[in-house]
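Subject: Model for your files

Hello,

Here is the structure I said I would pass on. Please look at it first; my notes come after.

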Amino acid sequence: MHAMTQQQDFSLEDQQWMQLAYAQAEQAAALGEIPVGAVIVSAGQVIGAGYNCPISTLDSTAHAEIQALRAACQHTENYRLPAQATLYVTLEPCTMCVGALIHARIQRVVFAATEPKAGSLVSARRLLENGYYNHVFVYEGGCLAQQCSALLSDFFKQRRAQKKQRKQEVQSAAMHDHK
């Protein structure tokens, strides 16, 4: 299935796993990182979890999906994921993350919010529709979309307010220096 789905169409289990991904996103927000979280589930248990942390780790590849993939591969002691593995992520994956998910052989991706600028499943690019990958996975979007979108919106609203505050403080300091 490749679609944006209504919230009520997701199983209770999908929603519970997405809540865990949301909790990971909250950890990213607490560090001042863009709040994106991910968990990988196989055979009814979390085998990997991660949150966005490229700033704090000084690693441009440290997206939530990549962090969860690294943890899952360590957990399973294999660079390929188990056949029934599902990724739950609070934001539609970017091109880099879709590529990593293909290489890891994920079977299913459930994401919450779409990413109009960088989303690579249904938004800016539809990478899996090209048909030239040696592995494809099923994906669905919209699970807890409002909740996850609100976390992202609030984060960016707060960030803009902080930026505005700093600009005003700099202007105020400059005014005092001229007196």
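Predicted model: local features only at pLDDT ≥ 70, side-chain atom pairs only at ≥ 80, totals over all residues.

Residues are numbered from 1 along each chain as its sequence is written, and side-chain values use heavy atoms, with hydrogens and water left out.

Binding site

An unreviewed UniProt entry gives the feature "binding site" at His63, Cys94 and Cys97. UniProt positions are in the numbering used here, feature names are shortened, and annotations may be inferred rather than shown by experiment. These residues are spread over 35 residues of sequence but cluster in space, with a largest C-alpha distance of 9.2 Å. Of this set, His63 and Cys94 belong to the lining of the largest pocket. A pocket here is an open set of points on a 1 Å grid over the protein atoms alone, where a 1.4 Å probe fits, with protein on both sides within 12 Å along at least five of seven lines; lining residues have an atom within 4 Å of a point.

His63 sits in the loop between helix H2 (54-57) and H3. Helices (H or I, at least four residues) and strands (E, at least two) are DSSP runs, numbered from the N terminus. His63 is partly exposed, because its relative accessibility is 23%; buried means under 20% relative accessible area, exposed over 50%, and partly exposed in between (1.4 Å probe, protein chains only). Leaving aside neighbours within four places in sequence, His63 has contacts (heavy atoms within 4.5 Å) with Tyr51, Asn52, Cys94, Met96 and Cys97.

Cys97 lies in helix H4 and is buried, at a relative accessible area of 0%.

Active site

The "active site" annotation in UniProt, also from an unreviewed entry, covers Glu65. Glu65 is in helix H3 and is buried, with a relative accessible area of 4%. Its contacts beyond four places in sequence include Leu87, Val89, Cys94 and Cys97.

Helix H4

In H4 (residues 95-104), the buried residues are Cys97, Val98, Leu101, Ile102 and Ala104. They lie on the same side of H4 because they cover an arc of only 170° around the axis, taken from the directions from the helix axis to the C-beta atoms. These buried residues pack against helix H3 (64-76), strand S4 (86-91) and strand S5 (108-113). Just after H4, Arg105 has a positive phi of about 70°.

Regards
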